[in-house]
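Thanks for making time this morning.

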Amino acid sequence: RSTLVPYTTLFRSIADLNDGFAMYNGDKWTTYSPMELFNRNVLTLHDICAAPSGDIWLADDSLRYFINNAWNSTSFPVTYNSYSTVACDQNNKIWIGSDYGGLFEFEDGNFTHYSNSVIMGSRVNKIFVDNNNNKWIGFVYSGISKFDGTNWTNFNANDGLSGNQIIDIDEDTKGNIWVTVYQGGIAKYDNNGWTTFTPSNSGIP
């Protein structure tokens with residue numbers, strides 16, 4: 001399995017479970033083995049993001065980031081078994097989702113932890129940053145939280161979302177947010193509310 005991720009002006013990145021992680025800088029490929037990155041034989045990479053600064057972040061069972069032509073790790077405030085997703089926003093802040101550990105914001109070497117009293121849950125499956133730098137946090141069982149930099153807004157099935165098990169989040173050219181929901185089809189958010197597309201009410205398979 002391989003994953004091709006969006007690239008900055010500095011890097012294109014490809015990850016493979018057995019062969020490791022490769023980056024292309026416009027001239028040549030450089031490959032890093034799972035042993036070099038995480039000190040084991042198999043890469044269990046969950047997510048990749050590229051910050052505007054050019055830093056590359058990998059979310060695996062641990063966290064690694066590429067800066068100044070070298071791989072580094074960061075001392076996380078709490079150790080969790082798995083980091084499910086990572087996203088880089090327009091201000092070079094790093095957003096990290098953990099399975100059971102909730103959501104963390106990383107900036108200038110400091111972590112901020114967002115608890116269940118603010119967001120919808122502790123099991124984060126997907127983080128997406130839209131063109132307005134809003135952060136959309138999708139949870140395994142509890143819906144979506146949106147952060148505009150000041151305020152949090154939470155959505156679940158009671159708010160018109162077609163389900164609470166979030167698989168993926170993306171944005172179209174008009175600024176609509178599209179969400180894949182487990183057994184809930186596809187949901188679109190356009191600031192007026194949610195619209196659900198399923199095989200029974202649309203042409204999706």
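Four strands form an open sheet in the order β5-β6-β7-β8, with antiparallel pairing, where strands are DSSP runs of E with at least two residues, numbered from the N terminus, and two strands pair if DSSP finds at least two bridges between them. This is a predicted model, in which local features need pLDDT of at least 70 and side-chain atom pairs count only at pLDDT 80 or more, while totals for chains, interfaces and linings use all residues. Residues are numbered from 1 along each chain as its sequence is written, and side-chain values use heavy atoms, with hydrogens and water left out.

At the edges of the sheet stand β5 (47-50) and β8 (70-72), each with a single partner strand, so one side of each has no neighbour in the sheet. From one strand to the next the twist averages 20°, with axes fitted as lines to C-alpha atoms and angles running from 0 to 180 degrees between N-to-C directions. Strands β6 (residues 56-59) and β7 (residues 63-67) run antiparallel and are joined by four bridges; Trp57 has Tyr65 in β7 as its bridge partner.

Rings of Phe, Tyr and Trp (its six-membered ring) pair if their centres lie within 6.5 Å, and planes under 30 degrees apart count as stacked, over 60 as edge-to-face and the rest as tilted. That rule gives 20 aromatic pairs. In one of them, Tyr114 and Phe147 have ring centres 6.0 Å apart and planes at 50°, so the pair is tilted.
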